[in-house]
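Thanks for making time this morning. I would like to walk through some side-chain contacts, and I will ask you to keep the sequence and the structure in view while I talk.

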Amino acid sequence: MVELDRGETYRQAAASSPRVLSWSRTSIADPATWQDAARLKLTELCGYGRFGGPPAILHQTDLEPVVGYCHREVCLRVRHGHDIVLRLVWRDGREKAMGPAVICLQGGDLGVGVSWGEGSGAPETAAIAQGADFACQAADHGYLAVCVAPLGCAAAASTESGEESLAKALLLGRSPAGEYASDVASTLNWMLDGESRFQIDPNRVAVAGW
């Protein structure tokens, strides 16, 4: 049986694909004008935007504390038909004062629960033991940890697999990476402009994970 290296297939295709945003192909003489056009296209591909204002809270629930950490689930309505599920983790007292915040992301085959030390299998347990519980570590240092379950992540899809979600995004002309970036950007909009009930220092917001 011959095994195909799909990664190599994609690499070869990428090497021969036209660079549509390349300055040499756009016939735009002015570098600043070309740069503006490229930025607009990248913005479109990445799905950034405020979508008419900061996301609104559909519902939120205070969950059982995670080994001494406060723990809250928040569902945001970003735009029509698109919601984001967040988990907030912090130490008692953080919500009463201005302070830093961190957006926690989990990648690969790990569920978002790893961020606050919740695992359902060997990969998750091993990752937590190796320090992948970003949210708890951030809370220990006085941060509000905001864990994002991105569109396309199996942990975020309640009625279909992550692959099915991504396939539908592609049919709508949206890139999987763009959907992920859009969710992170929308989360940041909510943290700084929405009703998060936390005082967040806009100069002290970080992202952890991959």
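D83 and R77 form a salt bridge, and their closest N and O atoms are 2.2 Å apart. Please bear in mind throughout that this is a predicted model, and that every distance I quote is therefore computed from its atoms, with hydrogens and water left out. As for how much surface the two partners show, D83 is partly exposed at a relative accessible area of 34%, and R77 also counts as partly exposed, at 33%.

How many salt bridges are there by this rule? The count comes to five, and I will take you through some of them, the D83 and R77 pair being one.

Let me turn to R72, whose side chain meets that of D62 in a salt bridge with an N to O distance of 2.6 Å.

Another of the salt bridges joins the side chains of R11 and E8, at 3.1 Å from N to O. Here both residues sit in helix 1, which covers residues 6-16, and because they are three residues apart they are separated by about one helical turn. E8 is partly exposed, its relative accessible area being 31%.

Moving on to the rings, the structure holds one aromatic pair. It is made by W90 and F198, whose ring centres lie 5.0 Å apart and whose planes stand at 75 degrees, so the pair is edge-to-face. What does this pair tie together? W90 lies in strand 3, residues 82-90, while F198 lies in the loop between helix 7 (176-193) and strand 6 (200-209), so the contact ties together parts that are 108 residues apart in sequence.

Note on methods
Residues are numbered from 1 along each chain as its sequence is written. This is a predicted model: local features need pLDDT of at least 70, side-chain atom pairs count only at pLDDT 80 or more; totals for chains, interfaces and linings use all residues. A salt bridge is a side-chain nitrogen of Lys or Arg within 4 Å of a carboxyl oxygen of Asp or Glu. Helices (H or I, at least four residues) and strands (E, at least two) are DSSP runs, numbered from the N terminus. Buried means under 20% relative accessible area, exposed over 50%, partly exposed in between (1.4 Å probe, protein chains only). Rings of Phe, Tyr and Trp (its six-membered ring) pair if their centres lie within 6.5 Å; planes under 30 degrees apart count as stacked, over 60 as edge-to-face and the rest as tilted.
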